[in-house]
Amino acid sequence: MCVPIFITLIIAYLLGSIPSSVWIGKLFFDVDVREHGSGNAGTTNTFRVLGYKAGIPVFIIDALKGLLAIIMCGVVFGYFPQIEMPDYMEILTAAAVVLGHIYPVFAGFRGGKGVATLLGVGFGLIPVPALIALGIFAVVLLCFGYVSLASITATIILPFVTYFFVMPESPLLLILTIAVAIFVPITHMNNIKRLLNGTENKLLKRKNKK
């Protein structure tokens with residue numbers, strides 16, 4: 001394997017492996033979020049278990065992991081000017097950082113689902129489609145209150161938005177968004193079942209009017 005490719009993928013995986021929800025929960029709240037709520041070490045469960053004071057920093061850090069991993073592609077290959085960065089390198093990097101988030105070496109390989117990290121990857125590769133997807137996520141979340149539904153909806157729409165903005169210049173990026181649109185619903189199969197059964201938990205609960 002080419003040395004810069006190997007270095008980039010290792011860095012991306014280690015970045016993804018930073019378990020922000022676990023570390024913040026244990027350090028500031030003396031709580032392992034994986035032992036509460038859904039048992040997931042991601043942004044949503046952190047919000048539910050520890051509230052916005054922990055949830056917001058976790059979301060930001062997890063998104064930054066994805067963004068920094070993409071930035072590191074150019075940085076690492078910059079040290080090897082004689083080697084041209086392959087077109088597929090950013091896609092491999094995206095896969096590595098998300099894999100790190102889902103199976104973090106620093107937290108017993110028990111991580112989250114990778115949606116916030118994927119958002120960071122999106123801002124690094126396709127900022128306009130990623131911003132639109134974030135807007136769709138916010139609208140669905142505010143209207144229905146389900147993070148899972150918002151995540152699935154935004155990622156399914158992402159390839160169509162990406163096609164409009166980056167095709168035909170970057171077909172690999174379109175392929176990446178299609179993969180994401182397949183990957184996210186698969187990781188949310190239990191959530192989909194609960195949505196269909198009407199038992200999915202809401203992040204935002206409307207207060208009953210007196």
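Entry on helix 2. I checked what the buried residues of helix 2 pack against, and found helix 3 and helix 4. This is a predicted model, so I kept that in mind throughout. Helix 2 spans residues 20-29, and I listed its buried residues as Ser20, Ser21, Val22, Ile24 and Gly25. Just past the end of helix 2, I noted that Asp30 has a positive phi of about 55°.

Entry on helix 6. Is this helix enclosed or open? I counted eight buried residues among the 11 of helix 6 (residues 115-125), so the rest of the structure largely encloses it. For buried I used under 20% relative accessible area. I wrote down the buried residues: Ala116, Thr117, Leu118, Leu119, Gly120, Val121, Gly122 and Leu125. Then I looked for what covers them, and my list includes helix 3 (43-50), helix 4 (52-78), helix 5 (89-102), helix 7 (127-144) and helix 9 (171-187).

Entry on the second largest pocket. I read off about 190 Å³ of space for the second largest pocket. Helix 5 and helix 9 are the elements that each give two or more residues to its lining. Which element gives the most to this lining? I found that helix 5 does, with six residues. The lining residues include Ile91, Ala94 and Ala95, as well as Leu176, Val180 and Phe183. Leu118, which I had noted as a buried residue of helix 6, also lines this pocket. Sorted by class, the lining came out as 11 nonpolar residues, with no polar and no charged ones.

Key
Residues numbered from 1 in each chain as written. Predicted model: local features only at pLDDT ≥ 70, side-chain atom pairs only at ≥ 80, totals over all residues. Heavy atoms only, no water. Buried < 20%, exposed > 50% of the residue type's maximum accessible area, 1.4 Å probe, protein only. Helix = DSSP H or I, 4+ residues; strand = E, 2+ residues; numbered from the N terminus. Contact = heavy atoms within 4.5 Å. 1 Å grid on protein atoms, 1.4 Å probe; cavity = no way out; pocket = protein on both sides within 12 Å on 5 of 7 lines; lining within 4 Å. Points joined across faces, edges and corners; volume = space filled by probe spheres on them. Nonpolar A, V, L, I, M, F, W, Y, C, P; charged D, E, K, R; others polar.
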